[in-house]
Amino acid sequence: MRFKHSGACHCGAIGVALSTDLAAHEIAPRACGCDFCLKHRPNWFSDRSGHLTIIHSITPNRYRFGTQTADFLICPNCGVVVAAVCESDGEALGVFNLNCLEANHDWSQRAVSVDFDGEDTGDRLARRAANWMPVALKDAD
Ligand SMILES: [Zn+2]
């Protein structure tokens, strides 16, 4: 069964629509231990066989750090970090912040702590190619 989950940043300018085979209670958030994520505390999620659409009425700010291989998409109005996106073999892949989902009370599993500090750039890109999900960015009309 295909599930649709939707949500947005705090002000609503950047919406997210997730399509996945996972029900909300099966969604396991990841808490990344990098110094950017420790400041924002996003609960990351991706499903390689799912799909994410980001619908924005304001163009998200893009922030890069570290290996400079992913863009963190931040709402310029409310400051919520909504997603991170990268390109992998011509495919746009991403992870998003579950805190943006309207049904966020349904994913009650505790976040799994992850720390990718020791990864080199090649390992990082390979991990994203295997785990991040296809993402499309759209202008809201
Ligand atoms: Zn916002």
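## Basis of the model

Because the structure is a predicted model, local features need pLDDT of at least 70 and side-chain atom pairs count only at pLDDT 80 or more, while totals for chains, interfaces and linings use all residues. Residues are numbered from 1 along each chain as its sequence is written, and side-chain values use heavy atoms, with hydrogens and water left out.

## Salt bridges overall

Six salt bridges are found when the whole structure is searched, a salt bridge being a side-chain nitrogen of Lys or Arg within 4 Å of a carboxyl oxygen of Asp or Glu.

## The E91 and R48 pair

One of these salt bridges joins E91 to R48, with the closest N and O atoms 3.0 Å apart. Since E91 belongs to strand β9 (residues 91-97) and R48 to the loop between β4 (44-45) and β5 (51-56), the pair ties together parts that are 43 residues apart in sequence; strands here are DSSP runs (E, at least two residues), numbered from the N terminus.

E91 is partly exposed, with a relative accessible area of 31%, and R48 is partly exposed with a value of 31%, where buried means under 20% relative accessible area, exposed over 50%, and partly exposed in between (1.4 Å probe, protein chains only).

## Pairs with buried residues

D71 forms a salt bridge with R62, the closest N and O atoms lying 2.7 Å apart, and D71 counts as buried at 11% relative accessibility. A network of salt bridges links D71 with R62 and R64.

R124 and E119 also meet through their side chains in a salt bridge, at 3.1 Å from N to O. R124 counts as buried at 15% relative accessibility, and E119 counts as buried at 19%.

How values were computed. Helices (H or I, at least four residues) and strands (E, at least two) are DSSP runs, numbered from the N terminus.
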